[in-house]
Amino acid sequence: MQPDLSKTRLRAFQYLYIDGTFEFTFGGLCLLLAGFFYIQASMPESLLSTILTMSFVIITPAGAVLINRLVNRFKENITYPRTGYVAFQRPKEGLRRGIRAGFMLGLTAIIGGTVAAFITRNPQTLDWMPLLTGFVFGGVFTWIGFRSALARFFVIALLIWISGFFLTMRGIGNMPGLSLFYALSGLILLLSGALTLWQYLRHNPPSDGVINEP
Amino acid sequence: MNPERNLFAGVDRLIHEPSRAIILSILATVESADFIYLQRETHLTRGNLSVHLSKLEAAGYVHIEKTYRGKVPLTLCQMTLAGHQAFDAYRQQLKNFVENTKE
């Protein structure tokens with residue numbers, strides 16, 4: 001065996017996605033968002049819809065925290081007893097982390113501001129939201145695919161992008177379109193997660209519970 | 001002994017063993033890893049891995065923490081600063097040796 005450090009690092013990174021839990025939790029969050037947009041589309045004037053709209057800014061960060069917790073819980077019960085635990089290296093320099101976080105925040109603000117300004121000037125462009133969201137999601141999964149060198153993320157990215165494109169071309173409107181988009185994305189991710197988990201469980205039976213001790 | 005051979009003579013013999021070099025190469029790329037992960041990645045037997053980890057721990061290159069996750073024992077391994085320095089120096093020594101023995 002050749003101790004190739006870049007490959008070892010890549011394998012450690014791939015390990016994050018070995019069991020499909022990432023797709024499960026991300027897919028679950030997509031289905032929650034699909035429900036949110038479905039309520040917005042089907043009963044726009046209701047109290048529930050108003051409460052949900054007001055709490056939307058909380059839903060995204062809360063969803064990120066939820067994803068993190070669910071992935072950890074899943075891994076503690078399914079992955080670590082089978083194939084072990086690994087903690088990934090994080091950037092040590094506080095300043096560099098701060099700059100990176102600031103850059104991401106700035107970029108998000110610029111993109112968000114541009115989209116908001118564009119929509120305010122021309123409300124009709126709201127109907128393009130499935131396409132735009134599909135483009136962003138597709139970009140995220142393409143990036144994960146490149147970082148992890150796992151082909152399934154490219155397939156997911158392509159399917160999500162096609163979903164966004166198809167729903168926008170159908171012209172079914174902003175909220176119903178987004179609801180369907182998130183529902184489709186969630187199903188794509190859950191399917192991918194289920195297939196990955198099935199393969200993982202098939203190749204990695206549970207350990208006897210005492211193996212993690214030299 | 002000629003200078004090229006001297007370069008190799010100074011190599012860290014503790015790391016210059018394939019299994020231990022592989023263990024350190026894994027631990028160098030992660031924050032920490034448990035015994036199961038290392039066993040899976042190195043393809044070593046439990047006994048072998050245990051012996052090599054003990055040697056690396058005795059040299060101060062690896063910190064081993066025995067803990068529990070619920071009722072399941074967890075052996076967490078982490079490369080120390082001395083381990084990182086020794087591993088980097090070892091890689092540099094090998095690189096120097098290869099560069100100085102070019103045909």
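**Figure 1. Helices H7(A) and H8(A) are roughly antiparallel to each other.** In this predicted model, helix H7 (residues 151-170) and helix H8 (residues 174-203) of chain A pack at an angle of about 160°, with their axes 10 Å apart. Angles under 35 degrees count as roughly parallel, over 145 as roughly antiparallel, 65 to 115 as roughly perpendicular and the rest as oblique; axes are lines fitted to C-alpha atoms, for helices over the stretch in contact, and angles run from 0 to 180 degrees between N-to-C directions. Helices (H or I, at least four residues) and strands (E, at least two) are DSSP runs, numbered from the N terminus. The crossing of H7(A) and H8(A) is right-handed, the near helix being turned clockwise from the far one by less than a right angle. Residues of H7(A) including Ile156(A), Leu159(A), Ile160(A) and Leu167(A) meet residues of H8(A), among them Leu180(A), Phe181(A), Leu184(A) and Ile188(A); two residues are in contact if their C-beta atoms, placed from the backbone, lie within 7 Å. By class, the contact of H7(A) with H8(A) has nine nonpolar, six polar and one charged residues (nonpolar: Ala, Val, Leu, Ile, Met, Phe, Trp, Tyr, Cys and Pro; charged: Asp, Glu, Lys and Arg; polar: the others, Gly among them).

Residues are numbered from 1 along each chain as its sequence is written, chains are lettered from A and ligands numbered from 1 in the order in which they are written. As the model is predicted, local features need pLDDT of at least 70 and side-chain atom pairs count only at pLDDT 80 or more, whereas totals for chains, interfaces and linings use all residues.

**Figure 2. Helices H6(A) and H7(A) pack at an angle of about 175°.** Their axes lie 8 Å apart, and H6(A) is roughly antiparallel to H7(A). From H6(A), residues including Phe135(A), Phe137(A), Gly138(A) and Phe141(A) take part, and they face a set in H7(A) that includes Phe153(A), Ala157(A), Trp161(A) and Gly164(A). The contact of H6(A) with H7(A) comprises 14 nonpolar, nine polar and no charged residues. The loop between H6 (129-148) and H7 of chain A holds Ala149(A), which has a positive phi of about 55° although it is not a glycine. Ala149(A) is exposed, with 12 other C-beta atoms within 10 Å (buried: 20 or more other C-beta atoms within 10 Å; exposed: 12 or fewer; partly exposed: in between; C-beta atoms are placed from the backbone).

**Figure 3. Thr21(A) is a buried residue of helix H2 (residues 21-42) of chain A.** Around Thr21(A) there are 24 other C-beta atoms within 10 Å. Not counting residues up to four places away in sequence, Thr21(A) touches Val71(A), Phe74(A), Lys75(A) and Gly193(A). Thr21(A) and Ile67(A) are 46 residues apart in sequence and 9.5 Å apart in space, C-alpha to C-alpha.

**Figure 4. Helices H2(B) and H4(B) are roughly perpendicular to each other.** Helix H2 (residues 18-27) of chain B packs against H4(B) at an angle of about 75°, with the axes 10 Å apart. Ser19(B), Arg20(B) and Ile23(B) of H2(B) make the contact with Asn48(B), His52(B), Leu53(B), Lys55(B) and Leu56(B) of H4(B). Three of the residues in this contact are nonpolar, three polar and two charged.

**Figure 5. His43(B) has a positive phi of about 60° although it is not a glycine.** His43(B) lies in the loop between helix H3 (35-42) and helix H4 (46-58) of chain B. His43(B) is exposed, with 11 other C-beta atoms within 10 Å. Chain B contains five helices and three strands, in the order α-α-β-α-α-β-β-α from the N terminus on.
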